[in-house]
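Trainee: Please pick one part of this structure and go through it closely. I would like to know what it is made of and how it sits among its surroundings.

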Amino acid sequence: LFLGIGVQLFAQGIDFKPVPFSEALRMAKTQHKMLFVDCYTSWCGPCRYMTDSIFTRQETGDYFNKRFISVKYDIEKDEAKEFNALYTVGSFPTFWIFSPQGEVIYRMGGASLTVKEWLRRMDVAVEEGTKLEKLRQNYRKNKNEKNTQAYLEAMGNIQFGEGISELFLEQFRETSDKIDFLYQHKNFLTKHLSPVHFEKFRKALKECDGYVPEMDEIFKGVFF
């Protein structure tokens, strides 16, 4: 009897799957659902509040379980090893939403005080994420200036440093005047990349054909 009650109560909230990131991606793709990732730490008060007071509520579970495969990772533990190898989390809690195809469509941080506020934020996240996915597809079909700028601005709005870095590295490899390219986009990069993201970008830049040490001077004084 007690076991049955316990299962019923657990099922009311978000059904977090105890699986690695790669398996969560596979499940989302197979079930044609988005993937929700909660990044937290054991010492984070707002993280605990979300876990105890928001994620356990039936309204939250009803909203999430039909739309998402959900996982949660303590970013400081081995369970987050796969996720940490791909994405950078600098504040807690941070929440990520991936398309069924496994691509980032939204990222946001901070706790919500009420279920109503949280679900409102999620409505916005899903709506904006759908827009970002469409902009990504437009960019991949035609990498003209209009599509590029729209896609970059959308990624900047959610501070998706990995996506911004990937796009700029792709264009850096393809452009002929590489120094001028970096000068032109310096302000955007320094505005939308965190110090950690920028350091990763700079490291990847050094591995690209056409990199010269003088390029470091362009960003000197910004993050290093």
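Mentor: Start with the contacts, where a contact means heavy atoms within 4.5 Å. Among those in the protein between residues at least 6 apart in sequence, 67% join residues at least 24 apart. This is a predicted model, in which local features need pLDDT of at least 70 and side-chain atom pairs count only at pLDDT 80 or more, while totals for chains, interfaces and linings use all residues. Residues are numbered from 1 along each chain as its sequence is written, and side-chain values use heavy atoms, with hydrogens and water left out.

The protein has eleven helices and four strands; these are DSSP runs numbered from the N terminus, helices being H or I of at least four residues and strands E of at least two. Its C-alpha trace spans about 70 × 35 × 30 Å along the principal axes. Of its 224 residues, 45% count as buried. Buried means under 20% relative accessible area, exposed means over 50%, and partly exposed is in between, with a 1.4 Å probe and protein chains only.

The part I would pick is the pair α6 and α7. Two packed helices are described by the angle between their axes and the distance between the axes. Here α6 covers residues 115-141 and α7 covers residues 145-157; the angle is about 150° and the axes are 9 Å apart. The axes are lines fitted to C-alpha atoms, for helices over the stretch in contact, and angles run from 0 to 180 degrees between N-to-C directions. The crossing is left-handed, a term for a near helix turned anticlockwise from the far one by less than a right angle.

From α6, the residues in the contact are Leu 132, Leu 135, Arg 136, Asn 138 and Tyr 139. They meet Asn 147, Thr 148, Ala 150, Tyr 151, Ala 154 and Met 155 of α7. The residues of this contact divide into seven nonpolar, three polar and one charged. In that division Ala, Val, Leu, Ile, Met, Phe, Trp, Tyr, Cys and Pro are nonpolar, Asp, Glu, Lys and Arg are charged, and the others, Gly among them, are polar.

The side chains of Glu 133 and Arg 136 are joined by a polar contact of 2.6 Å. Such a contact is a pair of N or O atoms within 3.5 Å; within protein, one must be able to donate a hydrogen and the other to accept it, and residues adjacent in sequence count only if both atoms are side-chain atoms. Glu 133 counts as buried because its relative accessibility is 13%. Leaving out residues up to four places away in sequence, Glu 133 touches Ser 99, Glu 103 and Ile 105.

Now the other helix and what follows it. Asn 157 lies in α7 and counts as exposed because its relative accessibility is 63%. Asn 157 and His 192 are 35 residues apart in sequence, with their C-alpha atoms 8.3 Å apart. The loop between α7 and α8 (161-174) holds Gln 159, which has a positive phi of about 55° although it is not a glycine. Most residues other than glycine have a negative phi, and most peptide bonds are trans. Another positive phi in a residue other than glycine is that of His 32, near 55°, in the loop between α2 (21-31) and β1 (34-40). The peptide bond from Phe 92 to Pro 93 is cis, with omega near -5°; Pro 93 is in the loop between α5 (81-86) and β3 (94-98).

Two residues further along the chain give a sense of distance from the pair. Phe 201 is in helix α10 (residues 195-206) and is buried because its relative accessibility is 2%. Its contacts, leaving aside neighbours within four places in sequence, are Ser 165, Phe 168, Leu 169, Leu 189 and Leu 193. From Asn 147, which is 54 residues away along the chain, Phe 201 is separated by 22 Å between C-alpha atoms. Thr 190 is in helix α9 (residues 178-192), and its C-alpha is 30 Å from that of Trp 118, 72 residues away in sequence. A polar atom of the Thr 190 side chain lies 2.9 Å from the backbone oxygen of Lys 186, and the backbone oxygen of Asn 187 is 3.2 Å from a polar atom of that side chain.
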